[in-house]
Amino acid sequence: MSDPVFCLEGKSVWVAGHRGMVGSALVRRLQSENCTVQTADRKDADLTRQEEVETWMNANRPQVVFLAAAKVGGIQANNSYPAQFLYENLMIEANIIHAAFLTGVEKLVFLGSTCIYPKLAPQPIPEEALLTGPLEPTNEWYAVAKIAGIKLCQAYRLQHGCDFIAAQPTNLYGPGDNYDLETSHVLPALLRKAHEAKVSGAETMTVWGTGNPLREFLHVDDLADAAVFLAKHYSGESHINVGSGEELSIRELAETICKVVGFEGTLKFDASKPDGTPRKLSDVSRLRELGWNRAGDLTSGLQSTYADLLADPGQLAK
Ligand code: GFB
């Protein structure tokens with residue numbers, strides 16, 4: 001494993017976006033780091049408002065920032081709300097990264113997404129594929145905002161010497177996910193559909209698209225562990241991919257979820273819904289060379305996520 005380049009111990013660490021799935025996983029993970037975790041509710045600071053962000057950061061003076069706050073959603077939400085996905089994400093990241101520079105933050109970890117890469121990028125996708133071709137149209141607005149976030153980290157490093165780094169997680173899932181069928185990502189959507197089909201005794205369950213696209217999934221607790229690892233072990237201009245390094249088709253994902261949930265009906269594919277990018281597997285060799293590997297596999301991650309949903313079915317009502 002690479003030597004640590006930064007120490008979190010004793011530091012004040014702000015998790016921006018602590019109520020989201022990623023932010024709450026970071027708060028859980030940081031409990032074992034001997035640091036003080038800071039959070040800001042919307043009433044404390046609206047992150048899309050520059051003055052509110054600067055006032056909050058001046059008053060609270062975090063030494064480390066994990067930038068997990070973002071407007072996120074699945075393929076349909078990205079397609080339906082392009083202005084919100086572009087504007088809100090640009091504002092949040094610009095406000096926080098600039099305020100982090102102004103207040104002398106020692107380390108900032110920005111979280112992006114693998115949709116930053118070109119639609120037809122080489123697979124598995126190396127970090128160098130960024131900005132080498134056209135984006136996937138269903139998520140280009142979100143992708144442009146996330147690319148701007150990576151570039152902000154690089155620009156503040158180059159011009160001001162700030163230790164701001166960027167990690168690019170693949171498709172994430174886990175406790176606290178969005179289970180709204182219109183706006184969610186595929187994994188929570190299929191978990192919900194399989195659960196409800198089983199409970200109602202339905203014979204079929206609908207899966208959007210052809211079922212052919214390939215996707216990679218990572219449990220959010222693994223992402224949080226990798227982000228903390230990178231904060232401690234990495235300081236560089238390039239963003240770093242964070243993924244499992246394994247892919248499966250949407251059809252295979254649906255079949256695995258049905259097994260975990262215990263739904264024995266058949267799958268129906270709705271080809272009127274978009275497939276999105278055909279394949280999106282991250283090349284995780286840089287992260288592995290630094291010394292990080294994920295802890296769990298997809299089936300155990302699905303089992304624990306389904307157990308969490310059964311224990312807290314209120315998540316389906318949000
Ligand atoms: O997770 P997802 O919404 O987004 O969809 P992306 C992945 C694939 O799952 C697509 C199929 O091929 C969908 O057609 N799918 C099947 C479904 N059934 C469903 C369903 O019930 N709900 C949903 N949502 N999909 C996202 C980007 O892309 O990836 C975001 O839109 C972000 O910006 C995220 O980058 C990581 O994987 O296509």
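## The main nonpolar core

A nonpolar core is a set of buried Ala, Val, Leu, Ile, Met, Phe, Trp, Tyr and Cys residues joined through side-chain atoms within 4.5 Å. Please keep in mind that this is a predicted model. Its largest nonpolar core has 35 residues, and V22, L26, L30, F66, L111, L230 and V242 have the most contacts inside it. At least two residues of this core come from each of these elements: the helices α1 (21–30), α7 (220–233) and α9 (285–290), and the strands β1 (12–16), β3 (64–67), β4 (107–111), β5 (164–169) and β10 (240–242). Helix α7 contributes the most, with 9 residues.

In soluble globular proteins, nonpolar side chains tend to be buried together.

## A second core

There is also a second, separate core, made of 32 residues. Among its members are L47, W56, A121 and I125.

## A charged residue in a loop

Now look at the loop between α1 and β2 (36–38), where E33 is found. Is E33 buried or exposed? E33 counts as buried because its relative accessibility is 11%, and the cut-off for buried is under 20%. Leaving aside neighbours within four places in sequence, the residues in contact with E33 are L8, E9, V228 and K232.

## Around the ligand

The ligand has 23 residues around it, and those that come nearest are I75, K193, R215, P274 and D275. By class, this shell has 11 nonpolar, 8 polar and 4 charged residues.

For P274, a backbone N or O atom is 2.6 Å from a ligand oxygen. The side chain of S113 has an N or O atom 2.8 Å from an oxygen atom of the ligand, and for N171 the distance from a polar side-chain atom to a ligand oxygen is 2.9 Å.

How much of the ligand does the protein bury? Taken alone, the ligand exposes 700 Å², and the protein buries 98% of that. Of the shell, the largest share comes from α6, with 4 residues.

Definitions and conventions:
Residues numbered from 1 in each chain as written. Predicted model: local features only at pLDDT ≥ 70, side-chain atom pairs only at ≥ 80, totals over all residues. Heavy atoms only, no water. Near = heavy atom within 4 Å. Polar contact = N/O pair within 3.5 Å; in protein donor to acceptor, adjacent residues only side chain to side chain. Areas by Shrake-Rupley, 256 points an atom, 1.4 Å probe, with all protein chains shown as cover. Nonpolar A, V, L, I, M, F, W, Y, C, P; charged D, E, K, R; others polar. Buried < 20%, exposed > 50% of the residue type's maximum accessible area, 1.4 Å probe, protein only. Contact = heavy atoms within 4.5 Å.
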